[in-house]
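Open the model in your viewer and keep the sequence panel beside it. We will go from stop to stop, with something to select at each one.

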Amino acid sequence: MDALITLLPGDGIGTEVTKGAREVLEAVAEKYQHSFKFDEQLMGGAAIDACGDPLPEQTIASCQAADAVFLGAVGGPKWSDPSAKVRPEQGLLKLRAVLGVYANIRPVKIYSELTGTSPLRAEILENVDMIVIRELTGGIYFGKKTRDATSASDLCVYTVDEIERIVRVAAKLARSRSSRLCSVDKANVLETSRLWREVTDRVMADEFPDIELETLLVDAAAMHLLSRPRDFDVIVTENMFGDILTDEASMLTGSLGMLPSASLGDSATGLYEPIHGSAPDIAGQGIANPCAAIASAGMLLRHSLGLEEEALAVESAISAAISFGARTADIVSAGESPISTDEMIAAIVNQLNG
Ligand code: NAD
């Protein structure tokens, strides 16, 4: 297959882990005889430095022409001044809106060899395998913002259409797994959550009567994610709750560096990115964990290119590298020696080629 993939390395460790995603995609292309062309473009702080815009027109055009877009991470202290008019994260929100990717899919997979690096006890983590579907283009992150000398506001808006389409994505996924769906909201306080619950109940009753629906308030969900994570299968929630709950869920795996994501809309062009940020505290040291980025490349093969066998091969290569003891610093246990980002990438590519 021929495919055009736009790469947006971004800032900080974004550039380091994007290298891993690219090398793995190149190895897949060679092994399975595909032709992947890569177009690397600026985004985030790097783009602000180059031309004052976190998502330049040239980057948008490349993403719109591509079969899939891979993003490393954006942001960092250099561009974090609260009074700054132009910020890297604006580019991220705009990119999601431009590509119309409203469904962010975040699988939380536990590697049994890594349970020692999670702050939770190993027995709580046994058999944990869940997917969080986060609504990505609505809610408080996209609402009108105001600021004056003494106050600030962020408007949270959801429409019936926005809720219906994300619930359908989640319910279809639940149907392909264990037919259980958990919807998370804050319906005891927020009007948007009351709408979310009403629409979810209706869509599920009318279109997915075979799926068992559980509803949780976000505060309770945050607690249950840690006390009984194996009870969850597919979770659907709004933008900000999903953002926070998936960072929490990353601790089940031991590190933010392990969690991939795919953002999908109604077209095949998806956006694939690790869930972590640019990690300024470790950027430039060559120690970032590339697994989340590489697993995101696996999701790209599956969801945008329809290459399921190749996607499974990437996931197996990550598992095998970890089984053979490859560990970056964030996932080492006592007595284990960490390897560098590049060594971890090489270990995964070797498994893929082996
Ligand atoms: P972060 O995810 O960058 O880092 C949080 C912690 O996790 C840090 O200690 C970091 O070292 C560690 N970590 C993250 N990814 C890792 C990896 N792959 N390997 C090893 N350790 C890893 O979150 P933050 O520090 O809150 O944010 C830093 C910057 O990233 C901010 O500017 C923020 O806005 C931005 N950010 C961007 C995205 C994105 O591009 N999608 C997402 C989140 C945060």
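## Stop one: a threonine in a helix

Select T18, which sits in helix α1 (residues 13-32). Bear in mind throughout that this model is predicted. Is T18 buried or exposed? Its relative accessibility is 3%, below the 20% limit, so T18 counts as buried. Now show the side chain of T18 and the backbone of G14. A polar side-chain atom of T18 lies 2.6 Å from the backbone oxygen of G14.

## Stop two: positive phi

Move on to Q33, in the loop between α1 and β2 (35-40). Check its backbone: phi of Q33 is near 55°, a positive value in a residue that is not glycine. Q33 has 70% relative accessibility, over the 50% cut-off, so Q33 is exposed.

Next, select S179. The loop between α6 and β8 (180-185) holds S179. S179 is not a glycine either, yet its phi is positive, about 60°. At 23% relative accessibility, S179 falls between the 20% and 50% limits and therefore counts as partly exposed.

## Stop three: rings and charges

Show the aromatic side chains. How many aromatic pairs does the count give? The count comes to one. Select Y158 and W196: their ring centres are 5.6 Å apart and their planes stand at 75°, so this pair is edge-to-face.

Two charged side chains come next. Select R165 with Y102: R165 lies over the face of Y102, 3.9 Å from the ring centre. Then select K109 with Y111. Here the charged end of K109 sits over the ring of Y111, at 5.0 Å from the centre.

## Stop four: the ligand

Which residues are closest to the ligand? They are V74, E89, G277, A279 and D281, from a total of 20 residues that surround it. By class, this shell holds nine nonpolar, seven polar and four charged residues.

Now display the backbone around the ligand. A polar backbone atom of G277 is 2.7 Å from a ligand oxygen. For S278, a polar backbone atom is 3.1 Å from an oxygen of the ligand. At N289, a polar backbone atom lies 2.9 Å from a ligand nitrogen. On its own, the ligand has 810 Å² of accessible area, and the protein covers 69% of that.

Note on methods:
Residues are numbered from 1 along each chain as its sequence is written. This is a predicted model: local features need pLDDT of at least 70, side-chain atom pairs count only at pLDDT 80 or more; totals for chains, interfaces and linings use all residues. Side-chain values use heavy atoms; hydrogens and water are left out. A residue is near a molecule or strand if one of its heavy atoms lies within 4 Å of it. A polar contact is a pair of N or O atoms within 3.5 Å; within protein, one must be able to donate a hydrogen and the other to accept it, and residues adjacent in sequence count only if both atoms are side-chain atoms. Accessible areas come from the Shrake-Rupley method with a 1.4 Å probe; for residues, only the protein chains shown count as cover. Ala, Val, Leu, Ile, Met, Phe, Trp, Tyr, Cys and Pro count as nonpolar, Asp, Glu, Lys and Arg as charged, and the others, Gly among them, as polar. Rings of Phe, Tyr and Trp (its six-membered ring) pair if their centres lie within 6.5 Å; planes under 30 degrees apart count as stacked, over 60 as edge-to-face and the rest as tilted. A charge sits over a ring if NZ of Lys or CZ of Arg is within 6 Å of the ring centre and within 35 degrees of the ring normal. Helices (H or I, at least four residues) and strands (E, at least two) are DSSP runs, numbered from the N terminus. Buried means under 20% relative accessible area, exposed over 50%, partly exposed in between (1.4 Å probe, protein chains only).
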